[in-house]
Structures are given as C-alpha cells and as structure tokens.
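Here are a few notes to go with your first look at this one. Have the model open while you read.

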Amino acid sequence: MSDMSSDTAMPSIENKSINGSTGLENAKNAVVNNTSAAASAVASHPATQSVTNGPVAENVKDQHAKTQAEFSNLAASRTTPATLAATGQQLTHYHSFFASLLSWNNPRASGIAYASIVVFIFAARYLDILRYAFKVTYLTLTVTVLAEVIGKLVISQGLTSQFRPRKYYTVSKSTLDSLIGDVHELINFFVIESQRIVFAENVFFSAAALVGSFSSYYLIKVVPFWGLSLITSTVLFLAPLLYKTNKELIDHYLTQAADIANQQTKQVREIASHHAARATETTKQYVGDYSHKAQEMIGSARGRSSSPTVVKAEPAIKKENVTSTYKTEDFPAAPKDEFKAPPSVEAVDYLKSDKPLIAA
C-alpha cells in the first residue's frame, strides 16, 4: 500500500493551470464551432434564403451599392477648383466638396449628411452626450477589470488579457499629416469664404448672408441656439434643392424681377439726369447774374476812385444871426506898456541881501 501511494502522482499547480487553459481553449473552440454551425443553419434555412435572395434583398443591395457609389463620387469631388478668387488666389478643395454636397449632385449622400446633422442637433439638445460618454467609459472599464480579476482568481489567467491585440493600434505619420492638411484646408475654406462674402465678390451670396444675419439677429431673441442651428442647416440644404427642382419657374420669375429692376433703374437714371441738367442750368444762370452784378459794382467803384472829390463849402454864418452872450467888461484889460526884460540873477541875489541900495 505504501508503494502504491508513493507511486501515485500528486496534481501540481502547473498541471492545474495547464488543464485550466486547455479547458478554456476547448470551451472557446466549442463556442466558436456551435456559433458557426448555428449561423450556417440559419443561412441555409429556406426562409433566410428567400429573404436574402428575394426582391427586397436585391433592392437593398442595389440601394446600398448606389449609396456607396455616391459617397465615392462625393469624396472624389474634393479637388482644387480651376476657378480663382477675385484676388487671383487658389481656392481649397473644400469649395468643390461643399458645392457638390449642397447642390445635391449626389442626392443620397446629401440626404444622409443632412439627416446626420439633424440627428446630431437633436442628440446634443435632448441627450447629455458628455455624461453618457463617461458612463460608457466606466462601464467598459468595469467589465474589463472584473473579467481580468475574476479570471486570475479562478483559472489563474486573466480573461481580458486573452483578447489583447498583439500590437496596439497607432496613428501613422502619413494619416496624421493628411488629417492636419484637411483641417488646414477646412479652416482656410471658412476664412476665404467669409472674406469673399464681406467684400461682395458674389452679390447674391452676400445678399443671402445679409438676410440670414439680419434674421438671426431677431430670431436669437426667441429661438434657442439649437433651433437656430436647425433652421440654418435646413436652409443651407433645402434651398439649393428647391431651386434645382423648380429651376425653370424660379429663373422665369428672377428674369421678370431683373427686367422690372432694370426698368426702374433706367427711369431713375433718366429722372436724375433731367434734374441734374436743370440744376446745372439754374446754377449757370445764377453764376452769370452774380458775375455781371459783380462786374458792374467793380466798374462803378473804379469810376468813383478816378473822379476828383468835391468838397461842399459850408454856408457862412451871418453875423447878424449870432448874438454874443459875453461883454467887454468880462475880460481883463490888455496891457499897454511894452514887456520889460527880466532882471538878471545877480540883481535878484542882491535884492535878497540886506545891503542898502544907496551907499552912504
């Protein structure tokens, strides 16, 4: 008995791990085989064959192929246009891309783009996208962490690590360069178009932008931002479609409006030229009259300056009419003697002294 017990091999941890990994591989293979067998059975079922090969399936495949072809055409339209800006600058390839998208040359691609924008606007309005993004992130991490921990506790091998790729995905330099180039072209598209609209390179587009900005100025007071974005997207996509579907009728009315505008402009020009001619004639007449009067005034002034000045003599006042109010007695008598010479300085000094005038 002791020999038998000693010869019996005890299971080790390594054998257990090997057996566990082998069982996991067998379970995975069994699941894969069962899944492929079930898929084959479903695919070979008569009902499935009638659906996949019926007219509905053929129509779906046809529409899918046409949609792929239109998206390929839309992607191929991203070429630098041959037309230049008014300044002689080259436009970006996004000019041709958006022109093809908004002109509905590829209706399926344009319709899907418009529907995607509308869905995104409503999702941003009614769904908390950032919060749901965080929720998806923490749920994904919860599943991966729990699978890894439970696998290591149960079978000594994590489950998440089994699905780990052999090489992590990286963005190549060529892909990054093309992405940066596309972003650069997209930014330049908006910069160039805004300047072309401001400087009225195309009067129709500038007028449409004027109407849109004027309407947005008043609508933003009563319409939220998401509603204004929805209205703007609808106008951008549906206005070209309406014009394309009713091109003849719209062109007819546009031609009539242009003719009426030209007639009114012609009448305004004629009236303006008539009034300008009358104003010119009136101005010339007034200028002639004033120049004639000025010449007359200058001539009369020169004539007065050349003629001698005549001074009128004042009439003499008659003595009979003048009565004097003063008498002779009011004035002092006039001296009758001759004026004597003033005494000399020596005589004055001598008189001031106390000496007698006559010596004894």
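1. A quick term to start: two residues are in contact when they have heavy atoms within 4.5 Å. Among contacts in the protein between residues at least 6 apart in sequence, 54% join residues at least 24 apart.

2. Keep in mind that this is a predicted model, where local features need pLDDT of at least 70, side-chain atom pairs count only at pLDDT 80 or more, and totals for chains, interfaces and linings use all residues. Numbering runs from 1 along each chain as its sequence is written, and side-chain values use heavy atoms, with hydrogens and water left out.

3. The protein has 12 helices and 0 strands (DSSP runs: H or I of at least four residues for helices, E of at least two for strands, numbered from the N terminus).

4. Of the 360 residues, 10% are buried, meaning under 20% relative accessible area with a 1.4 Å probe and protein chains only; exposed is over 50%, and partly exposed lies in between.

5. Look at helix α4 (residues 55-76) and helix α6 (residues 107-126): they pack at about 85°, with axes 7 Å apart. Axes here are lines fitted to C-alpha atoms over the stretch in contact, and angles run from 0 to 180 degrees between N-to-C directions. That makes α4 and α6 roughly perpendicular, a label for 65 to 115 degrees. Among the residues that meet there are Phe71 and Leu74 from α4, and Pro107 and Ile112 from α6.

6. Is valine 183 buried or partly exposed? Valine 183 sits in helix α8 (residues 173-198) and is partly exposed, at 43% relative accessible area.

Definitions and conventions:
Angles under 35 degrees count as roughly parallel, over 145 as roughly antiparallel, 65 to 115 as roughly perpendicular and the rest as oblique.
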